[in-house]
Amino acid sequence: MKKITILFLGFSLLSNSLMFSQEERDRVITTAVPFLLIAADARAAGMGDQGVATSADAFSQQWNPAKYAFINSEQGVGVSYTPYLSSIVNDIFLGNLTYFNRLDEKSAVAVSLRYFSLGSIEAQEGFGDEPLLLSPNELTFDLSYSLRLAENFSMAVAGRYLRSDLKLSIGSEDATAASTFGVDVAAFYQSSDIVFSNFDGRFRAGMNISNIGPKIKYDEVGQENFIPTNLKVGGGFDFIFDPSNRLGTYLEFNKLLVPTPQDFNNNGVIGDSEDDEEYNSIGAIQGIFKSFGDAPDGFREELKEITWALGAEYVYQDQFSLRTGYFNESDTKGSRKFVAIGAGFKYAPVVIDVSYLFSTSNVVSPLEGTLRFGLVFNFGEEYDDN
């Protein structure tokens, strides 16, 4: 019997197909389960895939769970839907379901389920055999707790169970899904209103180290793959022109805390068996510390491994929002570059968000031309923190 194992690392947003040197392409950092890095909600996507320092909302779980300690609603449920490769297929998508509960003035909890479907695949053991319809998928289940340690500062910890069911089996071969876990540690600062001559203002800052956890292994005899441990830091400022008009501006930086592939045995080739053996021997926690200084070209290459995003959100009467953002990644580290736009509509306790992406890179984004949707239901007591 034949067993097929599909890692689907190539479909990720981290892929690179530009005409650089082979050595540069080989040093692009790839990980297992890259769907964890895809913006799962339309609001963040509309601001260039950023949310570590934006105002709190129902989907803060992915970006910075510490923000829940500042959210306005006592409870809420958020649902989002993101088609993937929509110009090619219609059954690959990322879905997200989140529930949050602000327990009191200082603390909040949240749970979420993220599900990535890779559609349907026909597989057959031999020529002429009846094909089997298989449905590979990946999911995470998250639980977070956030606490305000001061009037303007909060921290949070989140735990994540990750299951990746990409091993497709034909016949009687085993097809057990791979699984692991991850932990997030996050912090958030939100200033009180500051009075300027023509407007009021508010500063925000955030940090989140996400997906700290063991590697994931798809086969008993196969290699272990790093999960996308990631560092986000960002800041923002709200221009509050009057009670009806507010403009938020944000800047965010991201770095994968995963080692850079390199030519360990100095034979001029990256990725041969000896290099792979050396790379795979690096532990998950060891890899976090190595990731800050292991790039072969030194500090200049380390800077290329940092992505950045600029975003803005205009809010009118807390009912209508317009958003835009730009995301940039080095040409030699993945070349994700895109402009995003979005909008939000609030009617009573219901919030509807949409966003759209325009790629500005020669590498076509899997989300090019994709409309993302989000729906939030807020209920319970209202807090006045934003």
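Modeller: Happy to! Let us start with arginine 43, which counts as buried because its relative accessibility is 7%, under the 20% cut-off for that word. Please keep in mind that this is a predicted model.

What does the side chain of arginine 43 meet in a salt bridge? Its partner is glutamate 313, with N to O at 2.8 Å. Glutamate 313 is also buried, because its relative accessibility is 5%. The two come from distant parts of the chain, 270 residues apart: arginine 43 sits in helix α2 (residues 42-46), and glutamate 313 in strand β17 (residues 306-316). The pair also belongs to a network of salt bridges that links Arg43, Asp57, Glu313, Arg323 and Asp353.

β17 and strand β18 (residues 320-328) run antiparallel and are joined by nine bridges. Along this pairing, glycine 311 stands opposite glycine 325 of β18. The hairpin of β17 and β18 has three residues between the strands, and in this hairpin glutamine 317 takes a positive phi near 55°. On we go to strand β19 (residues 337-347), which pairs with β18 in the antiparallel sense, again over nine bridges. Here threonine 324 has isoleucine 341 in β19 as its bridge partner. As a rule, side chains in a regular strand alternate between the two faces of the sheet.

Back to charges for a moment. The model has 20 salt bridges by the rule used here. One of them joins lysine 232 and glutamate 252, with N to O at 3.9 Å. Lysine 232 is in strand β15 (residues 230-242) and glutamate 252 in strand β16 (residues 245-256), so this pair ties together parts that are 20 residues apart in sequence. Lysine 232 counts as buried because its relative accessibility is 9%, and glutamate 252 is buried too, with a relative accessible area of 0%. Another salt bridge is formed by glutamate 105 and arginine 102, whose closest N and O atoms are 3.9 Å apart. Arginine 102 counts as buried because its relative accessibility is 0%.

Now for the nonpolar side chains. The largest nonpolar core has 22 residues, and Val33, Phe35, Phe116, Leu162, Ile216 and Tyr218 have the most contacts inside it. Strands β3 (92-102) and β4 (107-118) each supply at least two residues of this core. Another core, of ten residues, lies apart from it and includes Ala56, Tyr68, Phe100 and Ala108. Returning to leucine 162, and leaving aside its neighbours within four places in sequence, its contacts include Val33, Phe35, Leu139, Ala178, Ile216 and Ile227. Thr140, Ser179 and Thr180 are also among them.

Which strand gives the largest share of the nonpolar patch? That is strand β21 (residues 371-382), with three residues. Leucine 375 is found in β21, and it counts as partly exposed because its relative accessibility is 30%, between the 20% limit for buried and the 50% limit for exposed. So our tour began at arginine 43, which is buried, and ends at leucine 375, which is partly exposed.

Terms used:
Residues numbered from 1 in each chain as written. Predicted model: local features only at pLDDT ≥ 70, side-chain atom pairs only at ≥ 80, totals over all residues. Heavy atoms only, no water. Core = buried A, V, L, I, M, F, W, Y, C linked by side-chain atoms within 4.5 Å. Buried < 20%, exposed > 50% of the residue type's maximum accessible area, 1.4 Å probe, protein only. Helix = DSSP H or I, 4+ residues; strand = E, 2+ residues; numbered from the N terminus. Contact = heavy atoms within 4.5 Å. Salt bridge = Lys/Arg side-chain N within 4 Å of Asp/Glu carboxyl O. Pairing = 2+ DSSP bridges.
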